[in-house]
Amino acid sequence: MITQTVQVEADRAGTGLLIELPRCSHDSSLLARSGASPSARAVQFATTWGEVDQRLIEYHRARARGGIGLIITENTSVDWELGRTVGNPMRIDHDRFRAGLTDLVEAVHNEGAKIAVQLHHTGRQNSQGNTERNEPPIAPTAGITSAFGTPPRAIEESEIPGLIDLYAQGARRAVAAGFDAVELHGAHGYLLSQFLSPKTNRRTDDWGGPLENRARFALEVVKAVREQVGPDFPVLYRLSLEEPYEGGLSTEDGLAFCELLDPLVDALDITGGNYDTAMTLLPMVAPGSLLPYARAVKERVTVPVIGVGRLTWLLDDLQKAVGNGELDFVSLGRSQLADPDTVAKTRRGEVGRVRRCLAVNECVSRWMFNGQRTQCVINPGLGQEKRAADARRPAPVRKRVLVAGAGPAGCEAALLAAERGHDVVLVERDDRVGGQLHAWGAASPFRAEIANLIGFYTDELTLAGVEVRLGTDVADVDRAGFDHVLLATGTVAGDEGVDAVAMLASGALPEGDEVTVFGETETAMFAALWLAEQGRRTTLVSPLDAVGVDTNDMQNGHLAGLLEEHGVTVATGVADPGGATTVRATGRTPSRVLADAVDGERVREIGTRARGGRMYEATQSGFWAAAEI
């Protein structure tokens, strides 16, 4: 019988929780983890050539210190020339990278955690421009393009043994570098899953056709890896149980494949979909929506099963699910980007102090898909862990700090300044903390997430000892007694029509059953969606040939789908309709409150007032401004 000695967490990224499972078949313990999402959890903190550097080490060190038991790295390339992800992934395709990998392992071990490496090949889910010699990506079958758009060439049968050996040699190097486990990335449409899927594998040789043939490549990879690592070294397999589109892998075939894997691996990490069906696997999905896949697998296999999918929001329910045997482990990953101390806080009973992922998908679509290092809209220290830790140290001289504006920038500035030992007063013109977050959270997509974040800021300000004065205009405050004044008063709308932000924040509906929203911004999309949800017949008019131009592509597509579902008419390239009742959601201008007092030293502008942008720019600006006081 399998017994668990530790339990709680993880998600779809590159960090997790250690769980030791004494196994009947192995003498050693199984190290299971937090799920490693193929996409966003590729933080891209390695060097340009895929080597481990100090940034990547500090990122993982922080997660290990935060209570994680087992970290699984981002997708780590076994074929740099043809099979790496976009940007700066890790690589394990040559012995020369062992030194850096060993440094990473040692750093995590020194923090008391374990670490596994995820062996990965993109296959067709790559672009020609991302290959080393500008070659087409490779796939079981030629010409079937992925969401990335470059037609792949077919893998020759003579190449298959070499591809299998790439995974095996990666596993050998993982053992040599001191990793505690390996995970094979057979999920989300990458090479292992491409052979398994009837949509992407239309071969007529021994590697295609019926399930037993389509499964052969993955099974041979597992066997080759096992031969390299030995019988007692933990091998995990990440699997998309289903591809929810016509011709894709069916749930029944996925379950049958899990049964084939059962005697060969030590745990199954279950998710669903690929990047052609991205809305089924990325964070906009409802918390727990992927768990039915894991539960179905649990009924068919004997090895432990790991569940994934925005599970930070469901920890109480999942504790019960693990307790009654529906799952073996719960995985959190993306939450580790937002808050590396998620586990430690939860164990201390401080669940309310966890910064919970908002699921806006900026980490993937804004940064990762553009080949940039991953960032988080609510964690200014992501990727700058050492600098952020230094910023939190006590200030050499205690000062009086006035922060104006209790939106994200003002809250971040006030919290860090107080943490560093300063006396902080936060003034807000409104009667509540949150600023424009109240507008962002009005429509349904992120209502719960934004409400939680506002509650987080409100509670943390109290715990930090910040004096919060609501209903107070900074212009009316005597500033003489303050050493520093930070103006986080955000942006303002023009005078014409109904301001979309004010409407959303207040919940005040405009008159009339038919409403026009004018604007090219994400706010315009939220305003139109909210109006439609209130029963108004809504038209969204953009002066440009697109709408939502300031948000990421996936968020834009998600909102566009919701607008269509709610019957919103969208017209682009249309002039301003004018009229006093038109809801306006065009660009906003910086607040000019106390503009004459700004000197850049004692009185400083921060947040979107200073640098434009949206929430990411606000939180970054607020945090790092306070670090300088």
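I will talk about one helix, H16, and then about a sheet whose strands include one that covers it. Please keep in mind throughout that what we are looking at is a predicted model.

Let me start with H16, which runs over residues 447-464 and so counts 18 residues; from its first C-alpha to its last the helix reaches 26 Å, close to the 26 Å expected at 1.5 Å a residue.

Which residues of H16 are buried? They are Glu449, Ile450, Leu453, Ile454, Phe456, Tyr457, Glu460 and Leu461, and because they cover an arc of only 155° around the axis, they lie on the same side of H16. On the face turned away from that buried side we find the exposed residues Ala448, Thr462 and Leu463. As for what covers the buried residues, the list includes three helices, H14 (408-419), H15 (437-440) and H21 (615-627), together with strands S13 (423-428) and S14 (467-470). Just after the helix, glycine 465 takes a positive phi of about 80°.

That brings me to the sheet, which is open and has five strands in the order S14-S13-S12-S15-S23, with parallel pairing. Its edge strands are S14 and S23, the latter spanning residues 603-605, and each of these pairs on one side only. Neighbouring strands of this sheet are turned by 15° against each other on average, if direction is ignored.

Technical notes:
Residues are numbered from 1 along each chain as its sequence is written. This is a predicted model: local features need pLDDT of at least 70, side-chain atom pairs count only at pLDDT 80 or more; totals for chains, interfaces and linings use all residues. Side-chain values use heavy atoms; hydrogens and water are left out. Helices (H or I, at least four residues) and strands (E, at least two) are DSSP runs, numbered from the N terminus. The expected span of a helix is 1.5 Å times one less than its number of residues. Buried means under 20% relative accessible area, exposed over 50%, partly exposed in between (1.4 Å probe, protein chains only). The arc is that of the directions from the helix axis to the C-beta atoms. Contact means heavy atoms within 4.5 Å. Two strands pair if DSSP finds at least two bridges between them. Axes are lines fitted to C-alpha atoms, for helices over the stretch in contact, and angles run from 0 to 180 degrees between N-to-C directions.
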